[in-house]
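Trainee: Could you take me through one part of this model closely, and then show how the rest of the chain relates to it? Please give the cut-off behind each term as you use it.

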Amino acid sequence: MENFFTTIFQHKEAGENRTQNVNSYQGGLGGLFHQYPAQCLGASFLVAVLTLMLLVSTSFLTANTKEKTRRIPEINPLGNIFTPSKKKSAIATYLTNARGLVTGWFAQNPGRPARLHTQIGTVVVLPSSMADEISHDERFHLRQQTAKTFNAHLPGFEVFRDDYNNQLMKNVVVKYLNKQLVKVTGLLAEEMDRALGELFTSPSGCQKEKGENWFEIPLHRTALQIVARLSGRVFLGEQLGRDPEWLRITAGYAGVVTMAFADLSRWPAWLRSTANRFLPRCKASRAYMDDVRRKLRPVIAERRQKARNAGAGLPEYNDAIEWFELESQGKPYDPEIVQLSLSLAAVHTAGDLLAHTLTEIATHGEIIEPLREEVRSILGKGGWQKSSLDKMVLLDSVIKESQRRKPLATLSMGRIAVTDAKVSDGTVIPQGSTISVDAGLMWDQSIYTRPDEWDPYRFVKMRRESPTQQRLAELTTTAPEHLAFGHGMYACPGRFFAANEVKIALIKILLKYDIKFAEGVKPEVMMHGITMDPDRGVKLSVRHRGEDAAF
């Protein structure tokens with residue numbers, strides 16, 4: 001999950017003006033009082049007094065940490081209180097050229113950590129060479145960083161809390177979901193057929209027959225809906241996993257909560273609890289939480305009642321609701337939060353990967369027939385088995401190369417230092433500091449030949465070099481040279497399921513449809529801070545083939 005939580009705060013609404021964001025990252029307090037004067041005026045004096053008390057009580061505690069932090073050099077210096085324009089310029093440069101800033105720093109200062117100032121705080125960026133070093137270092141913690149960054153104590157942001165619920169979710173993914181991969185391959189293939197019948201439709205709402213004209217679908221939105229369908233089928237079973245309301249929640253929550261977070265980040269930390277009550281997107285985030293509880297509570301209550309009545313005769317559901325009940329062993333947890341957390345991570349990580357892989361394939365149409373040939377050959381012999389997917393080395397390479405070109409972010413392995421921590425170059429990371437690792441080796445020409453080009457055979461060729469390279473070439477393998485799924489003890493535990501989902505979706509799409517972009521359409525990756533945003537408005541042209549029906 002670390003790849004998702006490292007970047008979710010950078011998510012922006014499609015079409016939002018970037019310049020407006022640069023100019024408004026500090027704003028918000030005046031807007032709150034302008035929108036809600038009656039609610040705010042009565043509390044203004046109390047807020048002022050409490051703020052003064054807070055500043056006095058914390059100044060001594062934070063002085064030592066600030067002094068330690070100042071010893072770490074800055075990539076984009078902020079200046080001081082007498083140079084506000086320099087601070088604004090530093091943040092604006094980050095928002096428009098974060099990758100260039102980090103690459104330039106490490107080119108001139110190899111192996112030396114530095115501070116990168118963002119619109120919501122400061123990150124200590126470590127060089128790629130330290131990825132292995134911190135990969136299992138318990139002085140750096142993922143969930144605590146997530147909770148701190150995303151205001152997890154506030155209603156509507158509960159999925160980001162560092163508590164038993166999230167440890168339970170990781171356990172369920174590792175102990176149950178990953179072990180189901182052998183069993184669910186055929187099930188996911190069947191669900192994908194059903195999803196395509198509903199999502200790959202013309203504007204009139206029906207599927208075109210073979211040979212009819214091309215029609216367009218919204219690529220990114222459709223990819224999210226596909227992954228929501230596939231994930232829901234495994235997580236919640238046939239009935240609830242296909243429920244339109246649940247699919248709306250799982251496909252839409254990440255966008256709502258990240259925009260709510262962006263709005264909330266414009267207020268001082270001490271005012272966010274108040275702002276959270278009034279900001280429209282924060283209200284929408286809480287409404288999603290209410291919807292989740294409304295959908296799941298009756299199902300969970302019914303199952304628990306059956307368990308009490310049936311004893312050993314209870315049917316085996318073999319879905320995530322049951323897995324959480326088994327893994328918790330009667331210990332209290334929040335079943336709605338864990339289900340939403342599971343869906344949140346699965347849908348938007350795999351959805352983004354599916355959308356961008358389809359983008360690269362449609363842009364480089366010459367790879368489509370070689371992919372179809374590999375798929376036909378292997379499925380014809382082994383059928384819909386996980387072992388069949390494992391043998392599709394070209395498909396695996398195409399997905400990994402697409403992910404290399406556009407991961408979710410240019411930094412990875414986000415953590416928080418839970419104690420003062422000295423790293424190998426002698427730098428001391430102060431307790432409470434947020435860190436990330438530069439993912440720049442993914443585009444380093446000393447690692448990858450012509451790194452700016454999309455080479456679908458790149459990792460096929462790597463597999464042939466040595467047994468070690470064969471392992472590193474696999475989609476689900478993490479390494480300092482490929483940090484898209486994170487690395488180490490916090491690497492995305494659901495990447496094995498996500499990889500299978502994306503492969504099955506691609507196979508079904510390529511066998512059943514021709515795909516391309518309309519003439520003149522060139523989807524572009526939009527950089528916003530460390531985030532590599534997809535072109536959310538692009539449409540994919542598709543045409544039903546009517547062939548390969550046996551698969």
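Mentor: Methionine 413 sits in strand β5 (residues 411-417); helices here are DSSP runs of H or I with at least four residues, strands are runs of E with at least two, and both are numbered from the N terminus. The phi of methionine 413 is near 60°, a positive value in a residue that is not glycine. With a relative accessible area of 0%, methionine 413 is buried (under 20% is buried, over 50% exposed, and partly exposed lies in between, for a 1.4 Å probe and protein chains only).

The model is predicted, so local features need pLDDT of at least 70 and side-chain atom pairs count only at pLDDT 80 or more, while totals for chains, interfaces and linings use all residues. Residues are numbered from 1 along each chain as its sequence is written, and side-chain values use heavy atoms, with hydrogens and water left out.

Asparagine 318 also has a positive phi, about 55°, without being a glycine. Its place is the loop between α14 (280-310) and α15 (320-328). At 28% relative accessible area, asparagine 318 is partly exposed.

Three strands form an open sheet in the order β4-β12-β9, with antiparallel pairing; two strands pair if DSSP finds at least two bridges between them. β4 (215-218) and β9 (513-516) are the edge strands, each with a single partner, so one side of each has no neighbour in the sheet. From one strand to the next the twist averages 35°, taken between axes fitted to C-alpha atoms, with angles from 0 to 180 degrees between N-to-C directions. β4 and β12 (residues 539-544) are joined by four bridges, and glutamate 216 has serine 541 of β12 as its bridge partner.

Apart from neighbours within four places in sequence, lysine 516 contacts Trp214, Ala362, Leu540 and Ser541, where a contact means heavy atoms within 4.5 Å. Its C-alpha atom is separated by 6.8 Å from that of threonine 363, 153 residues away along the chain.

Helix α16 (residues 335-363) holds histidine 356, which is buried at 9% relative accessible area. Leaving out residues up to four places away in sequence, histidine 356 touches Ser402, Arg405, Lys406 and Val525.

Helix α6 (residues 84-108) is a bent case. Were its 25 residues straight, they would span 36 Å at 1.5 Å a residue, but the end C-alpha atoms are only 27 Å apart; the expected span is 1.5 Å times one less than the number of residues. α6 bends by about 100° at asparagine 97, the angle between axes fitted to the seven residues ending there and the seven starting there. Among the buried residues of α6 are Tyr94, Leu95 and Ala98.

As for the whole protein, there are 22 helices and twelve strands, and 55% of the 551 residues are buried. The mean pLDDT is 85, with 84% of residues at 70 or more; pLDDT is the predictor's confidence in each residue, from 0 to 100. Over residues 4-61 pLDDT stays under 50.
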